[in-house]
Amino acid sequence: MNSAKKILKNQGLGGQSETKKKEAAVSRKNKVLLLIGIVLVAVLGAGICYIQLRPREILTVEGFDSTQSVVKNAVYYKEAMYDIFMTEAQYNNNASIYEQIYNASSFWTAENVDSAGRTGAAAAKKQIMDSLKQREILYMEALKAGLSLSDEETKTIQENVANARKNMTDSQKRISGLDENTISKVLEKQALADKYKEQVIAGLNIDEEALKKTVSKKDYRQYTLQYYTWEKTEADGSDGTKDKDAAQIKKAAGDMEALQKKAAAAKDFTTGIITDSDNDSTDDSTGIRYTTLDLLETDTNSLDESTRKKVKTMKNGEISKVIETKDAFYVIKMVNNNDPEAYDAQCEQVVSDEKEARFDAEYKNTIKPSYTTEVQAYWKKRVTIGYLTYDTEN
């Protein structure tokens, strides 16, 4: 009887109850394990996101504020991205030029780019970091001096940000650091730094008029010309030139004579003289080309010596007869035989160069020594300039 009860208990209702209890226990255990798994995935995912998105310090700058309290600023990788973008754009957009200069397949791999023997990538990286250091130091000095941006200056910055992003591809705009907000902050910081720099330069008492007197008015006398020309030579197919045939040259001489008469009688030397349907400044049928030249008194490379002498005797508004040289035909108009543009530009350049040189000395000897800068490991070990912001869609 007892054996029967035991059998019933184990195989009947009692047995079913035990099975359900075991199944429930297993279910609870599985739920706990599942929950733990979900939590672990979430934690790992959050960790990965943090690693990828957390601010990366690349530079710290320490100095004193106006109360002589220690101030330590950090510059983050994100803040450097616009500088990186501008640097990479400069070199990538002119890749063929730099590759010829450095005789390399790429500027970034070119060796001995600077006096320290750096590659192009390393030299560009140092240039960017030097700029970041100076910007942060001058920015901190600007704050110490109580400088701020006007509403007009802030508005100009926002316009510059919009223009900068207008020239970016969609993928570039999505790069962290090339968003509108970050670029705005970077340009605002740069504007304040520049404002402080101007204040420093103003205090150096540079005699601009004395500097301008060092520029020779004779050497920088400018003859501003407009002219039509037809070249007697053409490419020979092997990086050289060859003379065009005699029939072509004879026809061109006649075409230039007809053009000279038309140009001499026209109210506007630049309009309606040639037929130029594709706006390439070259006549559709004759090949006669329109161009301009700012000829300096000391220039010995433009035109040939005989033609330069003729040009310098021309009066303002005068149009030459057809001038034939060994290489070309010309019809030249003298726009201004004493244009001050080149002289004024050189005066501005001399003054600008002196200001930069004097400021660089002041920054190196007085401003920079008051700060301690430390380049962080992430910049040293993880950042390689060249293609961080480069977009193959360009």
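This is a predicted model: local features need pLDDT of at least 70, side-chain atom pairs count only at pLDDT 80 or more; totals for chains, interfaces and linings use all residues.
**The chain overall**

The protein chain has 394 residues, and 34% of them are buried. If you take the contacts with a separation of 6 or more, 65% come from residues 24 or more positions apart.

**Where α3 meets α5**

Helix α3 covers residues 77–93 and helix α5 covers residues 120–144; their axes lie 10 Å apart and the packing angle is about 140°. That angle makes α3 oblique to α5, since roughly antiparallel would need an angle over 145 degrees. The crossing of α3 past α5 is right-handed. On the α3 side, the contact is built from Glu79, Ala80, Asp83, Ile84, Thr87 and Tyr91, while α5 brings Ala124, Gln127, Ile128, Leu132 and Arg135.

**One face of α11**

Which residues of helix α11 are buried? In this helix, residues 305–312, they are Thr307, Arg308 and Val311. Looking down the axis of α11, these buried residues sit within an arc of 100°, so they line one face of the helix. As a reminder, an α-helix has 3.6 residues a turn, so residues three or four places apart point the same way.

| Strand packed against by the buried residues of α11 | Residues |
|---|---|
| β3 | 222–231 |
| β6 | 289–296 |
| β7 | 323–324 |
| β8 | 328–339 |

**Two single residues**

Now for threonine 372, which is found in strand β9, residues 372–375. Is threonine 372 buried or exposed? Its relative accessibility is 53%, so threonine 372 counts as exposed, the cut-off for that being over 50%. Setting aside neighbours within four places in sequence, threonine 372 is in contact with Thr60, Val61 and Glu62. Glycine 63 is 309 residues away from threonine 372 along the chain, yet their C-alpha atoms are separated by 6.6 Å.

Serine 106 belongs to the loop between α4 (95–102) and α5. With a relative accessible area of 12%, serine 106 is buried, as it falls under the 20% limit. Again leaving out neighbours within four places in sequence, serine 106 is in contact with Glu99 and Tyr387.

How values were computed:
Residues are numbered from 1 along each chain as its sequence is written. Side-chain values use heavy atoms; hydrogens and water are left out. Axes are lines fitted to C-alpha atoms, for helices over the stretch in contact, and angles run from 0 to 180 degrees between N-to-C directions. Helices (H or I, at least four residues) and strands (E, at least two) are DSSP runs, numbered from the N terminus. Angles under 35 degrees count as roughly parallel, over 145 as roughly antiparallel, 65 to 115 as roughly perpendicular and the rest as oblique. A crossing is left-handed if the near helix is turned anticlockwise from the far one by less than a right angle, and right-handed if clockwise. Contact means heavy atoms within 4.5 Å. Buried means under 20% relative accessible area, exposed over 50%, partly exposed in between (1.4 Å probe, protein chains only). The arc is that of the directions from the helix axis to the C-beta atoms.
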